[in-house]
Amino acid sequence: MGRFGRIDSLLRDRTALAGLVLVSLFVLVGFIAPVITGHDPNLIDAVRRLEGPSRAHPLGTDNLGRDMLSRLAYGARWSLGAVAIATALIMSIGVSVGTLAGFYGGLLDEGVMRVVDVLLAFPSLLLAIAIAGMLGTGMTSVIIALTIVWWASYARIVRGMVLSIRQRDFVTAAKSLGAGDLHIVVYHILPNIFAPVAILATVEMGELILAVAGLGFLGIGVQPPAPEWGTMVNDGRSYIMSAPQLMIYPGLAISLAVIGFNLLGDGLRDIFDPRGLSDRHWLNSHGQQ
Amino acid sequence: MAQASLSTYLLRRFVSLVPVWIGVSILAFVVANLAPGDPAQMILQRETGEPPSAEAVRQLRGELGLDAPPVVRYVRWVRQAITGDLGRSYRTGLPVTTTLIGAFPNTLRLTLTALLLGVIVALPLGVLAAVRRNTAFDQLSRILALVGTSVPSFLLGYLLILFFAVMLGVLPATGSDGWRYLVLPALTLALSEAGALTRLTRAGMLEVLREDYLVTARAKGVGTRSVLMRHALRNAVNPIVSLAGVRLGRLLGGAFIVETIFARPGIGKTVVDSIQDRDYPTIQGFIVVMGTLFVVINLAVDIFHHWLDPRIREQSAAAVPAARQ
């Protein structure tokens, strides 16, 4: 780490902390959305269209007179909720498949890795758009599409880790003591891949938020009147001249949430990866469009 | 000798792509056939505006070859696809191949410009960030990377439209004739690319700067600038090429959103329209073309590395799979 070691790790911790604060804030907003404003996010009020900020509506109203602040707050439920469910599915599938492939090897491994190769042969968002589009609109399609596309990278990474852990002394020792496969996987392998997988999941959550929002924006994700952030930006497009805040507010909400996850992920990776290879992930990130 | 090993390598890599490509084509077919609903029924309904008779649907299914079992339809489709015939769009009736080729130049122009802009910003900034670690340059590169990867392109795109087209009125917001229409969409895409590229340049430079030959060059009294340009940057370029190649594939696909914002006719817009209309042949064709393109770009990147760095030649004897995405 050299001369700047201490300052560096301090900065890194602050990065992680800033990320953690942002992420917690959004999760909290999602949970207490009803308490924040007391407005129904879908209540149309034709008289109060496109109003500016007021005491009743701190961020004004949208083109249908709906309260912007409530829509943004409830939007956290849609966006983060979709991402949380998708991440849980992706991790379960990716970790199980990757562990099986790495642990048993052979034909199973070959087969699984070819499927992974194919899935990784596409830009993620593009494949997600095609799958979600064909499945039809709605939250379930979005989650299924993201899961189909995203599990593969977890499987590949987990497989690699399992391959190297399998050869470590403590696994050999456990085997020679007569431990069964399940015991080895549960007690020796999974605990060792937990931290890297958790970090990966944190970093990828930012990308998943962008993917959910991107699908919503293109009109093939969550449908209006649901206050999903990407869908809200899409809804606000016709008002870019008269009321640009209809797009800017949800756009900022997406940005801040993603920044939160990225900061948290980067911070965690720096703390857990003392070799300072953290910049390498830019090569591998799904990126956004 | 070098020639021989390169051609063996090429052949080997090429052969390894065949199963991936078969998988890509199966995936394209499955995705397009996942959709609920009968395309024949939808086409007829769209044409006449009312629910078609069962007889008419059966007849059209026959004409489109939809009554054959999926495996037969897949084989038929692949056989035609290899000759460049991806079928006809249900929506427009035009050959899918013609539609994609027609939309391609617009998208390519956009993505290449964006990538070029990204590299122009990222190279100097990344080098400065590495050489002057923990200074303002380094912070700037961090912020750029964070913003570039976190701010959705639709927010960025509309902010650029608001500022340059609405407030200043110096650039057109939507359309596609002439370079002035290219500036804002290319900037939108480039900003998110520049962040990732800058961080990678920085990481590459940092790694190279620690290498013995650089320390030696410096000890011999070679000037800093010369060290940077002649030795360091040359070696740091490697990962940047990887990333640029990888990103080009993503950009091509991901121009979707930017093309939608700026109403530019291109691949992304074509496909989003097709998805909304459940135009299977176009979607199927698009997925297979993108997959193929992506696989080819990965191959090109590998070959470039192979050619650039003799050390990788040894490693790749073990048939290293293409870089992750």
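Mentor: Terms before anything else: helices (H or I, at least four residues) and strands (E, at least two) are DSSP runs, numbered from the N terminus. Residues are numbered from 1 along each chain as its sequence is written, and chains are lettered from A and ligands numbered from 1 in the order in which they are written. This is a predicted model, where local features need pLDDT of at least 70, side-chain atom pairs count only at pLDDT 80 or more, and totals for chains, interfaces and linings use all residues.

Trainee: What are the ipTM and pTM scores?

Mentor: ipTM is 0.83 and pTM is 0.86. For each residue, look at pLDDT, the predictor's confidence from 0 to 100. Chain A averages 85, and 90% of its residues score at least 70. Chain B averages 80, with 86% at 70 or above.

Trainee: Where in chain A is confidence lowest, and where is it highest?

Mentor: Lowest in helix α11 of chain A, residues 281–284, at a mean of 42. Highest in helix α3 of chain A, residues 68–104, at 94. Over residues 274–289 of chain A the pLDDT is below 50, yet beyond near neighbours in sequence this stretch has 41 contacts in the model. A contact means two C-beta atoms, placed from the backbone, within 7 Å.

Trainee: Which residues of chain B stay under 50?

Mentor: Residues 316–325 of chain B, for which the model has 19 contacts beyond four places in sequence. Where pLDDT is low, the predicted coordinates should not be read in detail.

Trainee: OK, helix α5 of chain A. How many residues, and what reach?

Mentor: Twelve residues, 124–135. From first C-alpha to last, α5(A) reaches 16 Å, close to the 16 Å expected at 1.5 Å a residue. The expected span is 1.5 Å times one less than the number of residues.

Trainee: Is α5(A) mostly covered or mostly exposed?

Mentor: Mostly covered, with eleven of its twelve residues buried. Buried means 20 or more other C-beta atoms within 10 Å of a residue's own; exposed means 12 or fewer; partly exposed is in between; C-beta atoms are placed from the backbone. Among the buried ones are Ser124(A), Gly133(A) and Met134(A). Just after α5(A), Gly136(A) takes a positive phi of about 100°.

Trainee: Which residues have the most contacts inside the largest nonpolar core?

Mentor: Ala128(A), Ile129(A), Ala130(A), Ile131(A), Leu146(A) and Ile209(A), in a core of 158 residues. The largest share of this core, 16 residues, comes from helix α8 of chain A, residues 181–218. A nonpolar core is a set of buried Ala, Val, Leu, Ile, Met, Phe, Trp, Tyr and Cys residues joined through C-beta atoms within 7 Å.

Trainee: What does Ile129(A) touch?

Mentor: Leaving out residues up to four places away in sequence, Leu215(A), Leu218(A), Ile220(A), Phe256(B) and Ile275(B).

Trainee: And Ile93(A), where is that?

Mentor: In helix α3 of chain A. Ile93(A) counts as partly exposed because 17 other C-beta atoms lie within 10 Å. Beyond four places in sequence, Ile93(A) touches Thr147(A) and Trp151(A). Its C-alpha is 7.7 Å from that of Ala155(A), 62 residues apart along the chain.

Trainee: Switching to chain B. How many helices and strands?

Mentor: 13 helices and zero strands. Of its 325 residues, 42% count as buried. Among contacts in chain B between residues at least 6 apart in sequence, 73% join residues at least 24 apart.

Trainee: Phe262(B): why is it counted as it is, buried or exposed?

Mentor: Buried, because Phe262(B) has 27 C-beta neighbours inside 10 Å. Phe262(B) is in the loop between α10 (224–261) and α11 (267–276) of chain B.

Trainee: What about Ala263(B), what is its phi near?

Mentor: Near 50°, a positive value in a residue other than glycine. Ala263(B) is partly exposed, since 13 other C-beta atoms lie within 10 Å. Asn134(B) also has a positive phi, about 60°, without being a glycine. Asn134(B) lies in the loop between α5 (96–131) and α6 (136–150) of chain B. Most residues other than glycine have a negative phi, and most peptide bonds are trans.

Trainee: Which peptide bond is cis?

Mentor: The one from Pro224(A) to Pro225(A), with omega near 10°. Pro225(A) lies in the loop between α8 and α9 (229–236) of chain A.
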